[in-house]
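Thanks for coming. I will go through one structure today, starting with its open spaces and ending with its charged pairs.

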Amino acid sequence: MTMTRNDEGIATGSFQGLRVLDFSTTIAGPHCTRMLADMGAEVIKIEAAEGETMRTRPPLRGHFSTVFGGLNTGKKSLVLDLKSPAAVDAISRLVAGADIVVENFRPGVMRRLKLDYGSLQQLNPKLIYCSISGYGQTGPSAELPAYAPVIHAASGYDMAHLSYQPGRNRPDYCGIYHADVLTGVYAFGAIAAALYQRQRSHKGQHIDVSMLESMLSLTLNEVQWSQFEVAPPSRPMFGQVETADGYVMVAIASEKTFQGLVRAAGHPEWISDPRFAKYAERRKHWKDLMEGVEIWSRAVTTEQCLAELNAQGVPSSAYRTVAQALGDPQIAHRGALVEVEDGGGTFRVMNLPFRMSGAHVAAGRRTATLGEHTVALLKESGLSEDAIAAFAGKSKVAERR
């Protein structure tokens, strides 16, 4: 029985009972708080009446975005105008019973709104307050605007990637926002650590997460190479080989896998060939080796190529689209995808990439409509009927957009 099936009978998440006030937008912050929600926390997403920008991102079905849904499913929705003193009062009431605040405004914005850590910590000394920003909360770059592609460039990541592309000198634009997703995961980990520390100290704290530093953490080798006089990195023992109908990535990271590769290619004699027998010589003649391998691989299909490589124990994979990867039986076996719903219908999102034998880990099955929980949450906070009616009017307008 898989761990996924074991989890089906577990109703409690690790963060059950925790309340999170989520002021974040776009990707990094919402990704962090979606993880908290998947682990059982009650996450209250606070938005302006028009809703955050991701609500308009395609694919759209009847004005409901599945991209937004994937980042925010399982959360509650509270509409407030943060520039309104009444809204700040409502948030102050909610903070008293909250455990975590997550925000990713530019540094200084929350302070001007009187919703910064210093202000809210006075209302709740146990509050864990996580700020996500491009460059950190202080320093010469702190107030610079930042989006993932800018951080990719600023961190050196794009140029490090380019150095592994022989014959190219123009950096790529990467439309997959590594910086946002990675920073959200670091924020999640820091929050978990702060929760553990709070068990002993009974005090909260401010967490300052930098996208720039998060991206730099991906360049493990390059951070070291930048500090010393070293030769430019040679081509790694990884690379694509062409087949009759596509490409396959192979990773030749040991003697065993090298020997498996040349056997798969029908050239076991290359194991003792002076050009390839020793690791150092093999790196020098990597191009010759791969050209020889491709004489074989181009004559077979991708499926046939992978069958031979797998039989020889060579780490390899076809280059797949995301749609093809999602169709992998391993994904189904793991229960990696779950169906959720919003006002536009149903769609699938990824579950978190880990399972726990003693806790429920799963995406919430529904994405709230804009402002759906405003009245209930304001009533819970103890606001007057008149105040609630004023807020509710704004929420109803927002829901019809």
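The largest pocket holds about 1600 Å³ of space. Of the 45 residues that line this pocket, Ile27, Ala28, Leu71, Asp180 and Val181 are the closest to its centre. By class, the lining has 30 nonpolar, 10 polar and five charged residues. Nonpolar here covers Ala, Val, Leu, Ile, Met, Phe, Trp, Tyr, Cys and Pro; charged covers Asp, Glu, Lys and Arg; the others, Gly among them, are polar.

A word on where this comes from: this is a predicted model, in which local features need pLDDT of at least 70 and side-chain atom pairs count only at pLDDT 80 or more, while totals for chains, interfaces and linings use all residues. Residues are numbered from 1 along each chain as its sequence is written, and side-chain values use heavy atoms, with hydrogens and water left out.

As for terms, we work on a 1 Å grid over the protein atoms alone. A pocket is an open set of points with protein on both sides within 12 Å along at least five of seven lines, a cavity is a set of points where a 1.4 Å probe fits but cannot get out, and lining residues have an atom within 4 Å of a point. Grid points are joined across faces, edges and corners, and a volume is the space filled by probe spheres set on the points.

Which elements each supply at least two residues of the lining of the largest pocket? They are helix H2 (28-38), H3, strand E7 (128-133), helix H7 (148-154), helix H9 (178-201), helix H16 (322-326) and strand E13 (345-350). Helices (H or I, at least four residues) and strands (E, at least two) are DSSP runs, numbered from the N terminus.

Next, the cavities. The whole structure has one cavity of 30 Å³ or more, and the largest cavity contains about 40 Å³ of space. Its lining consists of Lys45, Glu47, Arg55, Phe68, Asn72, Lys75, Lys76, Ser77, Thr367 and Ala368. Strand E2 (42-47), helix H3 (66-72) and strand E5 (76-79) are the elements that give two or more residues to that lining. By class, the lining of this cavity has two nonpolar, three polar and five charged residues.

Now the whole protein. It has 19 helices and 13 strands, and its C-alpha atoms fill a box of roughly 85 × 50 × 45 Å along the principal axes. Of the 401 residues, 43% are buried. Buried means under 20% relative accessible area, exposed over 50%, and partly exposed in between (1.4 Å probe, protein chains only). Among contacts (heavy atoms within 4.5 Å) between residues at least 6 apart in sequence, 70% join residues at least 24 apart.

Helix H12 (residues 255-264) is one example of burial. Its buried residues are Thr257, Phe258, Gly260, Leu261, Val262 and Ala264. The cover over them includes strand E10 (247-251), helix H13 (279-284), helix H14 (286-297) and helix H15 (302-311). After H12 comes Gly266, with a positive phi near 85°.

On to cysteines. How many disulfides does a search of the whole structure find? Zero, where a disulfide is a pair of cysteine sulfur atoms within 2.5 Å. Take Cys130: the closest cysteine sulfur is in Cys32, 5.5 Å away, so the pair is too far apart for a bond. Cys130 is buried, at 0% relative accessible area, and Cys305 is also buried, at 0%.

Last, the charged pairs. The search finds 18 salt bridges, each a side-chain nitrogen of Lys or Arg within 4 Å of a carboxyl oxygen of Asp or Glu.

Arg93 pairs with Asp89, with the closest N and O atoms 3.1 Å apart. Both lie in helix H4 (residues 85-95), four residues apart, about one turn of the helix. An α-helix has 3.6 residues a turn, so residues three or four places apart point the same way. Arg93 is partly exposed at 37%, and so is Asp89 at 33%.

In a second bridge, Arg275 and Asp273 meet at 3.0 Å, N to O. Arg275 is partly exposed at 32%, whereas Asp273 is buried at 15%.

Arg298 is partly exposed at 44%, and Glu294 is buried at 13%. Elsewhere, salt bridges with shared partners link Arg19, Glu42, Lys76 and Glu380 into one network. Lys76 has already come up, in the lining of the largest cavity.
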